[in-house]
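Here are a few friendly notes to read alongside the model. Take them in order, with the structure open beside you.

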Amino acid sequence: MEFLTNSYVIELAWIVAKIMVVVGPLLIAVAYLTLAERRVIGFMQLRKGPNVVGPFGLFQPFADALKLMVKETILPAGANKVVFMLAPMLTFILALVAWAVIPFGEGLVIADINVGILYLFAISSLGVYGVIMAGWASNSKYAFLGALRSAAQMVSYEVSMGLVIINVLVCVGSLNLTAIVEAQRGMWFALPLLPMFLVFFISTLAETNRAPFDLPEGESELVAGYFVEYSSMSFALFFLGEYANMILMSGMTTVLFLGGWLPPFDIWPLNVVPGPIWFILKVMLLLFVFLWVRATTPRYRYDQLMRLGWKVFLPFSLIYVVLTSGFLLWTGNLPTVAG
Amino acid sequence: MIEALFFYMFAGVMLAAGTMVVISRNPVYSVLFLILAFFNAAGLFVLIGAEFIAMLLVVVYVGAVAVLFLFVVMMLDINFAEMRAGFQKYLPLGLAVGGILVFELVAAVYGDAFDGVTLPAATDISNTRALGNVLYTKYIYLFQVAGLILLVAMIGAISLTMRRRVGVRRQVIAEQNMRRRDETVEVVDVPVGAAARTISTVVASKREG
């Protein structure tokens, strides 16, 4: 019995329980995001989308999951087997571990670390490895070209994302995500930093390889890009990872610009709604915009994509850092650094 | 106890990965092991409470530098036999450099370099703030010089790789947006049956004019 009352064991069990509470609903959210995508785009294109399996097509994701699981996992003969299998796992793991620092409500966070935003930034910058390893290990020119495109694209947009984050940090004076949300009690950063909010959102589209920046997949020229050789569960892991990343990026945007779990106005009917509900609603709104953008915009050409990242977003967000910090210094509103 | 366990795990994996970087036959494996080593170094930083440095290590080295390494290594057409042929030739030099590094490390640890230096007592100042306090005040000149060196390296890299090529058609977005319809499109009223003739004369007159 002494083993069970050991404080390490109890703490470990508690952490595992918290992780389960986050990861379980996350996977269900991923499943329903795929359904939402097909339904929303269907309606936007005057189609119905999947509506046959279960009421309103609600069981469609489970049917898809079952189909993927019973299919054969194919290892291409020329592939580098170890790296080939490692790549989808890495993508999926990275999409999950970042959730450790996202605050869902006041104190509702697995790890409330000091450098939360840096951790998020670090994990999201690793996503490129899954793609590049998959492309290389597949030993296929389509997959490799897709991976090269993706690597260049993700590295490019990370730079402007970093500068946008600096804008927010200058306003907050802390790297802690809970502190960032608390700093938005008076006004969400989406209003004073509106241009940065837009730049950040567009960069998250590029970072998650979503339309209109889905060149790594570019089915018209690269079949499916870096995961063209994958099948069955290894494909499903890429798929899950991509959608979990979309939700993660929406969560990150919510925390940085839309006030996390805070209600839009601190007045009676709104502030009795629990924080996590607000957080989820805001994430859902951003995810809808993800789908909306996919249904309505044509794909960028690759040189235009690079031009947008390096020649438009990077100088713009760099100048905005100077403007924001200059403005705060001039008005004497620079945050006093806590801790 | 847990902390010691994690220390030996990070340190052990890091050493193993470091060894694999050197002895892997496939250079792509080498880079992947290098990334693993970086990760475990970040873990060690977290263990001594330097979480800011740990995150920067991951963002800068793993997220950016190693991606470019991997990029280059994957694109290179490497002849493995040729690469191993130089092994004998470079061995003495490699051993000499390694030996000097080991000697310096041993001298630093067992010498008097660390005498009187103790780890700063844990305070409630987060290490982001602690770094910021000295980086922009006490070490401002060194910091600026480091920035300048990076700038020089960047300009050097750009000027080495950029060259003007003739005959390349570039898209100038501003110019394209400035274009008006009447500069590019002409609506012609073509009588029935005369289409081919009219078009050819219009095209011919365009060419001359």
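**Notes on a predicted model**

1. Let's begin with the surroundings of I117(A). Setting aside the residues within four places of I117(A) in sequence, its contacts are I165(A), L169(A), L175(A), L177(A), I180(A) and L256(A). Please keep in mind that this is a predicted model.

2. Where does I117(A) sit in chain A? You will find I117(A) in helix α5, which covers residues 116–137. Its relative accessibility is 1%, so I117(A) counts as buried, the cut-off being under 20%.

3. In sequence, I117(A) and M69(A) are 48 residues apart, and from C-alpha to C-alpha they are 35 Å apart in space.

4. Next, the aromatic rings. Over all chains, the whole structure holds 21 aromatic pairs. One to look at is F84(A) with Y230(A): the ring centres are 4.1 Å apart and the planes lie at 5°, so this pair is stacked. F84(A) belongs to helix α4 (residues 81–97) of chain A, while Y230(A) lies in the loop between α9 (219–222) and α10 (232–257), so the pair ties together parts 146 residues apart in sequence.

5. Are F84(A) and Y230(A) buried or exposed? Both are buried. They also belong to a cluster linked by ring pairs, whose members are F84(A), F227(A), Y230(A), F235(A), F238(A), F239(A) and Y243(A).

6. Finally, a look at chain B. Its domain assignment gives domain 1 (1–78), domain 2 (83–114) and domain 3 (126–165). Between the C-alpha centres of domain 2 and domain 3 of chain B there are 29 Å.

Notes: Residues are numbered from 1 along each chain as its sequence is written. Chains are lettered from A and ligands numbered from 1 in the order in which they are written. This is a predicted model: local features need pLDDT of at least 70, side-chain atom pairs count only at pLDDT 80 or more; totals for chains, interfaces and linings use all residues. Side-chain values use heavy atoms; hydrogens and water are left out. Helices (H or I, at least four residues) and strands (E, at least two) are DSSP runs, numbered from the N terminus. Buried means under 20% relative accessible area, exposed over 50%, partly exposed in between (1.4 Å probe, protein chains only). Contact means heavy atoms within 4.5 Å. Domain bounds come from an automatic or database domain assignment. Rings of Phe, Tyr and Trp (its six-membered ring) pair if their centres lie within 6.5 Å; planes under 30 degrees apart count as stacked, over 60 as edge-to-face and the rest as tilted.
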